[in-house]
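Subject: Handover of a structure and notes on its contents

Dear colleague,

Please find below the structure that I am passing on to you. My notes on what was found in it follow directly after.

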Amino acid sequence: IEEKRREAKNKGVSCPEDDPAKFSHLVNVMASKQLADYEIRKTDKDKKEQAEKKRASDEAETEAKRLKKIEDEKKKWEETREERVTTWKDFQNKGKKKKKTKHMLGTYKPPKPRLEERR
């Protein structure tokens with residue numbers, strides 16, 4: 001403000017801050033500008049906080065779903081244990097089947113003989 005006064009005196013013009021009516025108007029304008037800036041910062045801060053809360057709640061929800069899915073899978077696995085054990089025991093008790101004889105590699109198997117037809 002003092003620099004503006006010096007420049008105004010050098011030019012021979014009165015400084016707007018010297019007039020009480022203009023000075024009060026300038027103060028009101030600057031104050032309203034400061035309050036508007038404060039409100040903008042406050043709303044931005046509130047939006048960021050809401051977004052952070054939403055992100056945290058979504059993350060907690062997905063974690064809860066993941067844990068529930070794991071728990072359900074464990075429960076299902078335990079419920080089917082008896083069935084798995086009995087089928088395995090049945091498989092072991094059936095006995096081994098005879099294996100088909102495979103031809104050894106390098107051996108030749110001749111074709112089946114066919115009867116000749118004469119005319």
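I begin with a contact between two side chains: K65 and E61 meet in a salt bridge, with an N to O distance of 3.6 Å. Please bear in mind throughout that this is a predicted model. Both K65 and E61 belong to helix α2, where four residues, or about one turn of the helix, separate them. E61, with a relative accessible area of 45%, is partly exposed.

Helix α2, which covers residues 20–79, contains both E52 and R55; they are three residues apart, about one turn of the helix. E52 counts as partly exposed, at 42% relative accessibility, and R55 is likewise partly exposed at 42%.

The next pair is E78 and R81, whose side chains meet in a salt bridge of 3.2 Å, N to O. E78 is partly exposed, with a relative accessibility of 42%, and R81 is partly exposed as well, with a relative accessible area of 40%. Salt bridges with shared partners also link E52, R55 and E59 into one network.

Turning to the chain as a whole, the protein has three helices and zero strands, in the order α-α-α along the sequence. Of its 119 residues, 3% count as buried. The accessible surface of the protein chain is about 13,100 Å², and carbon and sulfur atoms account for 55% of that surface.

Finally, a word on helix α1. Why does helix α1 lie largely in the open? Helix α1 spans residues 2–11, and of these ten residues the number buried is one, so the helix lies largely in the open. Just after α1 comes G12, which takes a positive phi of about 85 degrees.

With kind regards

Note on methods. Residues are numbered from 1 along each chain as its sequence is written. This is a predicted model: local features need pLDDT of at least 70, side-chain atom pairs count only at pLDDT 80 or more; totals for chains, interfaces and linings use all residues. Side-chain values use heavy atoms; hydrogens and water are left out. Buried means under 20% relative accessible area, exposed over 50%, partly exposed in between (1.4 Å probe, protein chains only). Helices (H or I, at least four residues) and strands (E, at least two) are DSSP runs, numbered from the N terminus. A salt bridge is a side-chain nitrogen of Lys or Arg within 4 Å of a carboxyl oxygen of Asp or Glu. Accessible areas come from the Shrake-Rupley method with a 1.4 Å probe; for residues, only the protein chains shown count as cover.
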